[in-house]
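Work through the exercises below with the structure in view. Try each task before reading its solution.

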Amino acid sequence: MARSARLLIVGLILTIHLSPFTLQAQDSTYARRIIRDLSSEEMFGRGMQNRGDSIAADYLRTELMANGVKPLCKNYFQYFRFPKTRTKPPIVNAGYVSQNVCGYIPGEVDTMIVFTAHYEHLGMSGDTIFYGAHDNASGTAAVMDLARMANLQRGQYTYVFLLFGGEESGLVGSHYFVDNPLIQLSKVKLLVNIDLFCGGDEGLMVVNANSRETSPYVDLLQQINDVHSYTPKVARRDNAANSDHYWFTSECPAIFLYTLGGPFGGYHSPTDTCDGCGLGNYHRLMTLLRAFLEQL
Ligand SMILES: [Zn+2]
């Protein structure tokens, strides 16, 4: 056998061995359960009212443990305080304590791929619950699904999973994390934030797609999609302070993914329910994401 052929075979074996995202069946059953539970009435819209945010955080911690994800800090929770009172949803009192939920799956090296999503939402206004299925039970579910897969087959990289609180009040939880990091941010190869992941009939948007650090990654994502047409398009935007990736962009390569097009139930409205959250594109979007992660 020629040396190049041998190297090719060794390379293929290594690729299969090193990526946790290959060869695994994927459907939306797991994601649907997470979205249904997070956007149920028992979570009160995952805000300050009835401590819905903490009920959701407890649920996610249990789920991370079931997925073999280890804690990044004591009991997985990094606590922070809200700096300001807000009188419009998300209604919150200054000094109210919430938490980020933080875990990791160790790899062969300490270079990290980080997945983030905000799990809290607008909470309640009077008796009205903002269920927040699309925003952002859906992105949280996608990150939990990636944790589940990473646990089934360990990989080369260390995978970190950060579920933030306080996003809707001005990216409060992620700001606290970047000021008080539980990981060495200089060792992050790429951070992928997912926020709004129902629907997707028109494709996928990547925010912070055009910086020197991130554009090669987004090029790769587009090339994979050009070959396989997993989604109608992978579109690009410059950076914006519109989700939790924002504070990280000065520290490490960080991109933010959200779906384009429906179906979803609403945006910042009580109609944003689990029943309105279409997952017909979920399998193809996750297949694209996994094909991309395999090549990092
Ligand atoms: Zn959001």
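**Exercise 1.** Find how near the axes of H2 and H4 come and at what angle they cross.

*Solution.* Two packed helices are described by the angle between their axes and the distance between the axes. Start with the distance: the axes of H2 and H4 come within 8 Å. Next, the angle: they cross at roughly 135°. Axes here are lines fitted to C-alpha atoms, for helices over the stretch in contact, and angles run from 0 to 180 degrees between N-to-C directions. Under 35 degrees counts as roughly parallel, over 145 as roughly antiparallel, 65 to 115 as roughly perpendicular, and the rest as oblique. H2 and H4 are therefore oblique to each other. Their crossing is right-handed (the near helix is turned clockwise from the far one by less than a right angle).

The model is predicted; local features need pLDDT of at least 70, side-chain atom pairs count only at pLDDT 80 or more, and totals for chains, interfaces and linings use all residues. Residues are numbered from 1 along each chain as its sequence is written.

**Exercise 2.** Which residues of H2 make the contact with H4?

*Solution.* On H2, look at Tyr 30, Ala 31, Ile 34, Ile 35 and Leu 38. Their partners on H4 include Ala 133, Ala 137, Ala 141 and Arg 148. Contact means that C-beta atoms, placed from the backbone, lie within 7 Å.

**Exercise 3.** Is Ala 137 buried or exposed?

*Solution.* Ala 137 counts as buried because it has 31 C-beta neighbours inside 10 Å (buried takes 20 or more other C-beta atoms within 10 Å, exposed 12 or fewer, partly exposed in between). Leaving aside neighbours within four places in sequence, Ala 137 is in contact with Ile 34, Ile 35, Leu 38, Ser 39 and Gly 132.

**Exercise 4.** Check the span of helix H3, then find what covers its buried residues.

*Solution.* H3 has 15 residues, 52–66. At 1.5 Å a residue (times one less than the number of residues), H3 should span 21 Å, and its end C-alpha atoms are 21 Å apart, so the two agree. Its buried residues include Ala 56, Leu 60 and Leu 64. Among the elements covering them are H2, H4 and strand S7. After H3 comes Gly 68, with a positive phi near 75°.

**Exercise 5.** Which residues does Tyr 159 touch?

*Solution.* Tyr 159 is in strand S7, residues 158–164. Not counting residues up to four places away in sequence, Tyr 159 touches Tyr 104, Ile 105, Gly 107, Ile 113 and Ala 150.

Definitions and conventions. Contact = placed C-beta atoms within 7 Å. Helix = DSSP H or I, 4+ residues; strand = E, 2+ residues; numbered from the N terminus.
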